[in-house]
Structures are given as C-alpha cells and as structure tokens.
Amino acid sequence: MILINLLPHREAARKKRQDVFNISLGASALTGGLLAGIVFLWLQGQISSQEGLNTMLTQEIRKLDNQIKDIAALEAEIAALRARQQAVENLQADRNMPVQLLTELTRQFPEGVYITNMRQDNQLIILQGTAQSNERVSELLRNLAYHSPWFSKPELVEIVAANVTFGKDQRRVANFTVRVRMLRASEVQRPPATAASAPMAVASQPAKP
C-alpha cells in the first residue's frame, strides 16, 4: 500500500529553519550586546582610572611648580646676598688699594722714569710721566706686566719725544701715557712658595769642620 503525504511538509521545514535562524540571530545579537556592554564598561573603567591618574599628576605638577618657584626665589636671594658680600669685600679691598698702588709703582718703576700725573677710575690706572728714553718706557711696561702680581694688561696709550732743559744742557726725553688695570687682593694670584729652595741653599754651603 502506497502512502502519500499530502501535508505541506516543505512549508513546515522552511518555517522550522526560519525559526532556528531567528533564534540564532537573537542569540547572536544578545551575545554581541553583552560583549559590547562588557567592553564599554571596561573602557569606562579605564577612562575613569586614567582621569584619576591625570588629576593626581596635575596636582603633583602644581606642587612641583610651587616648589620650583620657591627654589628660584631662594636662589635669587642667595645670589643677592653673594653680590652684597662681594661688594662689601671689594669695598674693604679698595680701601687699601691706594697704598698698595703707590708701593707697587715704587717697586716697578725703573730708574730714569718719573710720574707727572696719575688718575684712578675704579681699578683702571692712567699714568702720565717722563722717561729718559723709549727703552725705559718699555722696561716699565715689562715690569708692570710680568714682575708684579697686582697689575694686569698694561697698555701704552701715547709716547711723544720732547726736549728738556737742564741748566745749559738740553736732553731728549719721552713723555708717555700708560694705562694699566690694578687687581684687587681677591684677584691676585700669589706665586707658590718654593719650599725646596731653602734646603738646597743650606746644602750648597760647605760644612764647617
């Protein structure tokens, strides 16, 4: 006996596949929504954490800026105090400068050189005088440059030949102008003490019997 199914089985199968597809689609959408929600919450947490960190860093930066301002103010006060201290030391050193100047000029002036005028502008000394020859002026410049620790950068400003009458005789002299800088006591470089020279001098003497 042959059985013939007259029911619309194709439509039923199609409807069943459609229902399965709709269920799968709904489950996928729900799963996607859950995943999206989880990712969103995670990102919100990261953003909140970063914002908190940024706020803390901003506060710390402000604290550091205030500390830097305080340090800069202290450094400015220290620099001002040092400048005042240096000014006081310079004033104390300048009190003895005229005495030291005259003492050093007496030591360094060669024979045949005479001062006719001297001006001092702070540490700059301008000397005007007369020398027996140009060689005496050169010797003066060498003495000021190399033989005295109190003078620096001597410069010959002018030298002019002239005639001077001594009784019945006339002599040719050189009128000069020299500019030199005098150092303060704090600027003077003292020559190192030669401690080895004393024993050598003693050793060179013959032993007494």
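**View 1. Strand 2 and strand 4 run antiparallel and are joined by 8 bridges.** The model shown in these views is predicted. Within this pairing, Gln128 stands opposite Thr177 of strand 4. Strand 2 comprises residues 124-131, and strand 4 comprises residues 169-182. Strand 2 is mostly covered, with 6 of its 8 residues buried.

**View 2. Strand 1 and strand 2 form an antiparallel hairpin.** Strand 1, residues 113-121, is joined to strand 2 by 8 bridges. Ile115 has Gly129 of strand 2 opposite to it. The hairpin has 2 residues between the strands, and Asn122 adopts a positive phi near 60 degrees.

**View 3. Thr130 lies in strand 2.** Thr130 counts as buried because its relative accessibility is 18%, below the 20% limit applied to buried residues. The side chain of Thr130 makes a polar contact of 3.0 Å with the side chain of Asn175. Beyond neighbours within four places in sequence, Thr130 is in contact with Gly112, Val113, Tyr114 and Thr116, as well as with Val173, Ala174, Asn175 and Phe176.

**View 4. Helix 2 spans residues 97-108.** The 12 residues of helix 2 reach 16 Å from the first C-alpha to the last, close to the 16 Å expected at 1.5 Å a residue. Met97, Leu101, Glu104, Leu105 and Gln108 of this helix are buried. Viewed down the axis of helix 2, the buried residues fall within an arc of 100 degrees, so they line one face of the helix. Val99, Thr106 and Arg107, on the other side of helix 2, are exposed.

**View 5. The largest nonpolar core contains 20 residues.** Leu105, Phe151, Phe176 and Met182 touch the most other members of this core. At least two core residues are supplied by each of helix 2, strand 2, helix 3 (134-146) and strand 4. In soluble globular proteins, nonpolar side chains tend to be buried together.

**View 6. Leu105 is a buried residue of helix 2.** Residues up to four places away in sequence aside, Leu105 touches Ile115, Met118, Leu127, Leu144 and Phe151. Among these, Phe151 is, like Leu105, one of the residues that touch the most other members of the largest nonpolar core. Ile115, also touched by Leu105, is the residue that stands opposite Gly129 in strand 2.

Note on methods
Residues numbered from 1 in each chain as written. Predicted model: local features only at pLDDT ≥ 70, side-chain atom pairs only at ≥ 80, totals over all residues. Heavy atoms only, no water. Helix = DSSP H or I, 4+ residues; strand = E, 2+ residues; numbered from the N terminus. Buried < 20%, exposed > 50% of the residue type's maximum accessible area, 1.4 Å probe, protein only. Polar contact = N/O pair within 3.5 Å; in protein donor to acceptor, adjacent residues only side chain to side chain. Contact = heavy atoms within 4.5 Å. Expected span 1.5 Å × (residues − 1). Arc of directions from axis to C-beta. Core = buried A, V, L, I, M, F, W, Y, C linked by side-chain atoms within 4.5 Å. Pairing = 2+ DSSP bridges.
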